[in-house]
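User: I want to check every label on this model against its rule. Can you take me through the terms as we go?

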Amino acid sequence: MFRTLKQKAAAFRRGGFLLFVLALFLVPASPGSALDEEVRDDMVRLFVLANTEFTILHEFGHAMIHQFSIPVFGQEEDAADQIATTAMILKYDADVDPQAIDRLLAVSSEWLSEWHQQTAERGNSHAFWDSHSLAIQRFYNINCLLYGANPDDLEFLLDSEALPAERGFDCDQAYAQALHAYRWLFEVHGRTPDASIPYVGIIVDFEEPRTPRHAMLKNWIVDSQLARDLAARATEFFPWPEPVTLFFDNCPGSPDAYYNRNVGEIVVCYELIELFLDKSEKSLSRNVELVCASIGLRRLFGDRLACDAL
């Protein structure tokens, strides 16, 4: 059984990507006692909602860049990723959210999973011309900002396959830069007590789902209040020049999310959220021993799985 962070780090380097949620997307299922169905469902829900949150915040980033005419050097997609990652790390622009580690490692593991899937399907034929960074780069970018914000808790990430030393040593500076930019948004464009400024913001709407799985995912989002809470915070903190609609829609054959600046609408397709669900269900077909060996999952679910008894 792992007892110290250094031992955990050493085990990570010996065994590869057996760390946090990342283990679920890289280690094949093996014989052993099955996961408790309730715990498995909780992990699936965590993965789906975390990735949906990142998706929404990423599109909020695009909307902010457009509506507030925020100057951006480099790719806008990278800027939107940084806005989303920093917003998930922080809570109300002040404190590091203690749940950020769990949620953002679920997000980075999704990018890692996508990279492996793309590599298996395309080989080296990636769309290097695309405005988005490669999925593997987005994986490392999230891990870097997360480590930069939590170097004490995530010490064992440094000099590992999840965050090589060459990248990790200056992640504190990368996070400080992202934090400075994030706080600049509040200082320059944040809402003030001026009553003359219209209280315009984000409106949340749902198209009626067409499949039972999409209906279930809609219920998860509604019951968790995820979309409405994010929209309420964005409305509370920023005086949007024009209203923005966050719309969950049916997009057959197109698992996507995007901001349409022509009509001020963020569209999140049920098909994209279902993709998160499909990946998490496949990856979470794991046994108890594997979950207990994953540091992050052990921290989240160890008591319920009686990991100490293994």
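Analyst: Start with the elements. Helices (H or I, at least four residues) and strands (E, at least two) are DSSP runs, numbered from the N terminus. Glutamate 53 lies in one of them, helix H2. This is a predicted model, where local features need pLDDT of at least 70, side-chain atom pairs count only at pLDDT 80 or more, and totals for chains, interfaces and linings use all residues. Residues are numbered from 1 along each chain as its sequence is written, and side-chain values use heavy atoms, with hydrogens and water left out.

User: Why is glutamate 53 called buried?

Analyst: Buried means under 20% relative accessible area, exposed over 50%, and partly exposed in between (1.4 Å probe, protein chains only). Glutamate 53 has a relative accessible area of 10%, so it is buried.

User: What is glutamate 53 in contact with, leaving aside its neighbours within four places in sequence?

Analyst: Contact means heavy atoms within 4.5 Å. With those neighbours set aside, glutamate 53 touches Met88, Arg103, Leu226 and Leu230.

User: How do you know that H2 is mostly covered?

Analyst: Count its buried residues. They make up 23 of the 31 in H2.

User: What makes the length of H2 agree with its residue count?

Analyst: The expected span of a helix is 1.5 Å times one less than its number of residues. The 31 residues of H2 should therefore span 45 Å, and its end C-alpha atoms are 44 Å apart, which agrees.

User: Are threonine 85 and alanine 162 buried or exposed?

Analyst: Threonine 85 has a relative accessible area of 2%, so it is buried. Its place is in helix H3. Beyond neighbours within four places in sequence, threonine 85 contacts Phe54, Leu104, Ile142 and Leu145. Alanine 162 counts as buried because its relative accessibility is 0%. Alanine 162 belongs to the loop between H5 and helix H6 (165–168).

User: Which strands make up the open sheet, and in what order?

Analyst: Two strands pair if DSSP finds at least two bridges between them. The open sheet has four strands in the order E3-E4-E6-E5, with mixed pairing. Strand E3 (202–206) and strand E5 (257–260) are the edge strands, as each pairs on one side only.

User: What makes E3 and E4 a pair?

Analyst: Five bridges join E3 to strand E4 (residues 244–249), and the two run parallel. In another, aspartate 205 partners phenylalanine 247 of E4.

User: What is the volume of the largest pocket, and which residues are closest to its centre?

Analyst: On a 1 Å grid over the protein atoms alone, a pocket is an open set of points where a 1.4 Å probe fits, with protein on both sides within 12 Å along at least five of seven lines; lining residues have an atom within 4 Å of a point. Grid points are joined across faces, edges and corners, and a volume is the space filled by probe spheres set on the points. The largest pocket comes to about 980 Å³. Of its 34 lining residues, Trp111, Glu114, His132, Arg138 and Asp256 are the closest to its centre. H4 gives the largest share of the lining, eight residues.
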